Amino acid sequence: MSENQSPTPVGQRTRIRIVPSKGWVRIGFHELWAYRELMYFLAVREIKVRYKQTAVGVAWAVIQPLFTMLVFSLFFGRLGKMPSEGIPYPLFSLAALIPWSFFAAGLGQSSNSLVGNSNLITKVYFPRLIIPISSVLSGLLDFALGLTLLLIFMAAMGFFPNLHLLWSIPFLLLALVTSLGTGLWFSALNVEYRDVRYIVPFLTQFWMFATPIAYSGQMLREPWRSVYGINPMVGVVEGFRWAVLGRGNPPGSIIFISSLAALLVLVSGLYYFRRMERTFADIV
Amino acid sequence: MSSAVIRVRDLGKQYRIGTHGPSYKTLRDRIASGLRFRRPSADKPVADRFWAVRNVNFDIPEGEIVGVIGRNGAGKSTLLKLISRITEPTEGEIELAGRVRSLLEVGTGFHPELTGRENIFMNGAILGMTRAEIVSKFDAIVEFAEVEKFIDTPVKHYSSGMYLRLAFAVAAHLEPEILIVDEVLAVGDAAFQKKCLGKMNEVSRQGRTVLFVSHNMVAVENLCSRGIMMDHGQIVFDGPVRDAIAMYLAGSDSEPGQDLRESSARRAGTGEARITRYEIIGLEGTLVRAGDPFTIRLHYECRQRVKTPVFCVSILTRSTLPLFTIFTKDLDYQIDEISADGFIDLQIHSPNFLAGSYILHLGITDAVESGWKDHVTDGAELEIAEADVYGSGKLRGASFGVLFYNCTWSLTSSPATLVASTSSGKN
């Protein structure tokens, strides 16, 4: 107020009209874009707070997939003798755990994001979609660290990525879409039904075993393999593993089924969220 | 199209009773009830709903500072939440021309683990500032908050005063065309409040449109030209601010005391006897002016017989600093037992409270103080209106403190100085 950005004349201002909304609401991409800086700040805040509150800090991002990989390698690889498409089992599972962790963390955090930020929702207006979106985006740093870990491991075992590596970007995007889509559903449900927070970790665990992380999805024959692809994380994990390791089999047509399923979850999630949004501030 | 900056038509907001309570639905219950009958609650009567705001109409032209006043639960905060787009109206419409910023709380989005600097950016973004805007105002914000030395310290190490100053500083540097402010000045010490009011005054002089909710009538009167008084979700008066305040202070809407049985009242105790409501009885009905005697009447109910009960009343400031506590036994007032409903009066003959709103804690215990039978620590309050307490022809409100005393001044000075000053006066 000191530097006097004086008010624009009333006639030239944009007018906002607030009326009760009915039924399905538009997503409002324009407004989301206008608030992109807030999205960035919220994501950064989540990252900073997360690392300031843990004893080992950033190392946490690497410890989790690393230890899961060790356990998997011991039980499924060594003892269970799981076939791993000709790739050393530790690499086989780690290459899947990195995108999976990104997805699972994004889902977990965005599901609780609205309830966790209820103080914002009841005090300030901004597009509510920003909250779950920034939650999912805040997982990108962990993902980058995990990917670095994977590349180091690969180099140590004589694996070097080739041009396929570029394909990891669309697969990451697919993981993001899946994570956000499911996160939108659960975050909106969580506002009204508080037992959702207990359901999500449970569901994530099941989902993990329905995804080819510890085993190879190539064992399935058609038509079951196509049915399997309805789980979008199947496409993500198989695709990512192939792209980064530069070996093994590309996921093939299953990727279309997975992408379609992911898009469906995202679009339905967006509309469901927007529909439920009108009561968030009243019940959260 | 009118030239109004805020235009409100037939606005209404309906809530479900209990939506603010702690009991949430569970998905499990929802699924179970969905299986049993097809449409749960579809044809249930609407008795569990109430209108927090209804039939509200007004226009606010550019540059007007409007105070919204009313008792707790009159719908003021809901109205602000509707205009701030935090919650959606059930009916009617609002039209706003220009950038709206609302300040319903200072420090929204502050995180104790983040530093002052990080929180400024975070809070600024939440309040709708762009990064560039925050960068350009950063130094001014830090200076206003007086926290230069601690700007890279996590705010969890700040004193509460520093925290509040920083939080308000960010908000004070917003440049909205429409500013919506709710009761944020009720926090902090006198110096902080003065600073905030000064800033608000500055805003008002820049021709911005402001909607201001407060219980602080001094602030409302100083800042606003127009007053809207609300009661039970409706506008009962809209006109010059002095008239609105007079109406608010007269409080003649025949409230037979405040009901404390509802769930919102925070309370503790075993519950053999409970305080059901309280009344404030002044010389002019419910209106109590500073310095005038008044009575606090506690209505109670008994679930079972209570031997030698002891009643207690505490008066606290808004920041919950206890000012005064009195037990019945302090004044040797013995009650053998209570076993039915009734009430007890505490008469305060010469109170020393200045104008403002105070919190009441009301309790029932027993002679050995073995614990509370009932202790209400939320929901009861005492409003004191301004008065000319010193007989000087001036009203003294909350900015002069909380208390006043019957006192006298007397000056003593040495004769030499007196001579010197008199002689210099003659020259």
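This is a predicted model: local features need pLDDT of at least 70, side-chain atom pairs count only at pLDDT 80 or more; totals for chains, interfaces and linings use all residues.
**View 1. The end of helix H4 of chain B.**

**View 2. Helix H4(B) along its length.** Follow the helix, residues 131–145, and you will come to a bend of about 55° at Lys137(B). Lys137(B) is also one of the buried residues of H4(B), together with Ile134(B), Ile141(B) and Ala145(B). Among the elements covering these buried residues are H3 and helix H5 (160–172) of chain B.

**View 3. Where chain B meets chain A.** Here 52 residues of chain B are in contact with 38 residues of chain A. On the chain B side, the elements that give two or more residues are helix H1 (27–36), strand E4 (91–97), helix H3 (116–126), helix H4 (131–145) and helix H6 (190–205). The largest share comes from E4(B), with 6 residues.

**View 4. Strands pairing across the two chains.** E4(B) pairs with strand E1 (residues 15–18) of chain A in the antiparallel sense, over 4 bridges. To find one of the partners, look for Arg15(A), which is bridged to Ala97(B) in E4(B).

**View 5. Chain B as the setting for these details.** Stepping back, chain B has 9 helices and 21 strands. Of its 427 residues, 39% count as buried. Among contacts in chain B with a separation of 6 or more, 72% join residues 24 or more positions apart.

Conventions. Residues are numbered from 1 along each chain as its sequence is written. Chains are lettered from A and ligands numbered from 1 in the order in which they are written. A residue is buried if 20 or more other C-beta atoms lie within 10 Å of its own, exposed if 12 or fewer, and partly exposed in between; C-beta atoms are placed from the backbone. Two residues are in contact if their C-beta atoms, placed from the backbone, lie within 7 Å. Two strands pair if DSSP finds at least two bridges between them. The bend at a residue is the angle between axes fitted to the seven residues ending there and the seven starting there.
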